[in-house]
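Welcome, and do keep the 3D view open as you read. Below is a short tour of the sheets and the ligand site.

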Amino acid sequence: MNSTFSDFCHNIGLSEASAVQIQKASRQRTVGDTDEGSRIHSFCIAAQLSLGSEKVDVPPSQTCIAEPGCIVLPHTSNDVSKIMKIINFFDVKFAIRSGGHSPNPGWSSIGSEGVLLDMQKMNHVSLSSDNLVATVGPGARWGEVIAAISPRRVAVVGGRIPIVGVAGLLLGGGYSYLTGEFGTAADSVKNYEVVLADGSIVHANGDENSDLFWALKGGGPNFGVITRFDLFTVSISDVWYEIMLYTPDQAFHVLDAFAQWQQDKDFDIKSSVTLSIGLDIITVALLYSTPTDPPSCFKPFYAVQPAQVAVPSTNGTSAQVYEMAYGVVSSEPMRHHVAANVADFGRSRGGNPMGIPQRAHQWWTTLADWREAKDDELVRSVTIETTQQWKKLGIQRGSYLPFTFMNDASRDQNPLASYGADNLSKLKVISRKYDPSQLLQRLQVGGFLLLRA
Ligand SMILES: Cc1cc2nc3c(=O)[nH]c(=O)nc-3n(C[C@H](O)[C@H](O)[C@H](O)COP(=O)(O)OP(=O)(O)OC[C@H]3O[C@@H](n4cnc5c(N)ncnc54)[C@H](O)[C@@H]3O)c2cc1C
């Protein structure tokens with residue numbers, strides 16, 4: 001046994017007997033008989049011996065292209081640290097999955113060419129005794145977070161749908177019902193616990209590794225595996241809401257109402273509107289972050305007669321809003337209002353790399369559902385063309401802004417480049433500082449990587 005291999009085994013807590021077992025196993029069997037397959041097999045054996053076999057799932061069939069070599073389910077940041085050391089040693093490709101909600105193929109999934117780090121077991125949620133900070137594991141879902149903290153009458157700036165994962169949303173910036181009032185979800189992070197590419201565990205916050213702290217607030221999966229988020233809470237518990245449905249022929253009137261609400265010179269930051277325009281129905285979900293009578297800022301919407309009031313004017317809890325959210329935030333094209341103060345809020349929290357325009361504007365998303373796999377390319381080409389058409393119109397009218405929101409971006413888009421040349425080059429410098437061997441760029445299969453930005 002050479003000394004590098006025995007040092008490595010020692011480093012991940014393996015006995016000499018286990019080291020011999022890894023060597024034997026890798027000689028006996030290879031996946032697909034390739035060098036890559038052999039390294040993946042060795043990774044899986046080493047991970048089983050180091051973490052315990054209950055944390056490493058080896059799919060029975062390795063002929064199915066959608067199955068990773070193995071799925072590692074860490075329970076602690078120490079587990080993740082060992083996993084990164086084993087990835088380093090065997091040089092295997094990998095993907096990280098927290099909530100698994102990215103619709104981009106390969107962003108949080110991988111086939112037999114690598115291994116999957118599935119963070120679902122790291123889903124703890126706790127609240128500090130003064131209720132000011134929520135500590136959340138990357139594998140938690142936003143519904144679990146709200147359910148755990150809302151009994152103590154606080155909320156966090158997080159996702160709008162209960163099943164979406166915490167980590168992916170926060171790493172992409174994060175748009176919330178509360179963004180108008182409290183900025184992006186990433187701006188509410190007080191501290192990140194990060195396992196770097198070499199397996200070291202660090203914290204990133206305003207005082208410690210502050211460059212990494214800045215980079216993580218929208219910089220995607222480029223800097224390490226996040227194993228814990230400490231989030232500032234907001235004291236919001238009771239809210240007002242109402243949901244109205246309109247018919248597609250009312251689209252222009254509803255869009256005018258949206259523009260009037262958004263452009264009001266006294267824009268009310270407590271208000272938020274989730275607007276989705278589908279082929280069959282237009283959904284307008286109004287939310288106000290404190291109990292009230294129907295707020296006057298929503299008058300432009302009341303001026304358009306709805307086909308149906310799906311949920312009447314209600315004073316309820318933020319937890320109830322999450323329970324309803326499934327039905328409301330539909331898979332239809334959506335618009336997000338971004339108030340002028342969102343960029344300022346980010347700056348007041350130490351800044352972020354996103355370069356969000358400092359003026360009221362909108363982020364829009366085109367979503368398409370289809371039934372048959374044979375239509376994949378056709379549907380994809382239509383969504384790409386639609387995006388190009390929006391861009392062309394925006395440029396013609398002088399209203400186009402290049403910023404692309406990572407969480408809604410498609411794999412053919414380049415959100416990191418849209419953050420601006422200075423921010424992009426700063427992100428690259430930070431990536432080389434915390435990952436000198438650029439392992440995350442080289443071995444991570446998907447995600448909005450700096451290498452491709
Ligand atoms: C139904 C639906 C509703 C949505 N609503 C919103 C919304 O209200 N607001 C909003 O901002 N976005 C929203 N999104 C977009 C969503 O935020 C992104 O898809 C996000 O990536 C999902 O997070 P996840 O943890 O589920 O992602 P995953 O698919 O698990 O991961 C996404 C990316 O993050 C990386 N990653 C995951 N975990 C880690 C980790 N621990 N460390 C490092 N990298 C990691 C992955 O490698 C991958 O590149 C929605 C998406 C869907 C499908």
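## The six-stranded sheet

In which order do the six strands of the open sheet lie? The order is β13-β10-β12-β11-β14-β15, and the pairing is antiparallel. Strands here (E, at least two residues) and helices (H or I, at least four residues) are DSSP runs, numbered from the N terminus, and two strands pair if DSSP finds at least two bridges between them. At the edges stand β13 (308-317) and β15 (361-365); each has a single partner strand, so one side of each is left without a neighbour in the sheet. From one strand to the next, the twist averages 15°; axes are lines fitted to C-alpha atoms, and angles run from 0 to 180 degrees between N-to-C directions.

Now look at β10 (residues 238-246), which runs antiparallel to β13 and is joined to it by seven bridges. In this pair, Trp240 stands opposite Asn315 of β13.

## How to read the model

This is a predicted model, in which local features need pLDDT of at least 70 and side-chain atom pairs count only at pLDDT 80 or more, while totals for chains, interfaces and linings use all residues. Residues are numbered from 1 along each chain as its sequence is written, and side-chain values use heavy atoms, with hydrogens and water left out.

## The five-stranded sheet

A second open sheet to find has five strands, ordered β5-β6-β9-β7-β8 with antiparallel pairing. Its edges are β5 (125-127) and β8 (201-205), each with a single partner strand, so one side of each is left without a neighbour in the sheet. Here too there is a value for the twist: an average of 15° from one strand to the next.

Within this sheet, six bridges link β7 (residues 189-195) to β9 in the antiparallel sense. Asn191 stands opposite Asp230 in β9.

## The ligand site

The ligand is surrounded by 27 residues (a heavy atom within 4 Å), the closest being Ser98, Gly100, Ser108, Arg160 and Tyr175. By class, the shell divides into 13 nonpolar, 12 polar and two charged residues; Gly counts as polar, and Asp, Glu, Lys and Arg as charged. Domain 1 (3-120) and domain 2 (125-235 + 416-439) both contribute to this shell, so the ligand lies between them; the bounds come from an automatic or database domain assignment.

A backbone N or O atom of Gly100 is 2.7 Å from a ligand oxygen, and a polar backbone atom of Ser102 is 2.9 Å from an oxygen of the ligand. For Ile226, a backbone N or O atom lies 3.0 Å from a ligand nitrogen. The elements giving two or more residues to the shell are β3 (93-97), α6 (166-171) and β9 (225-232), and α6 supplies the largest share, four residues.

Methods:
Polar contact = N/O pair within 3.5 Å; in protein donor to acceptor, adjacent residues only side chain to side chain.
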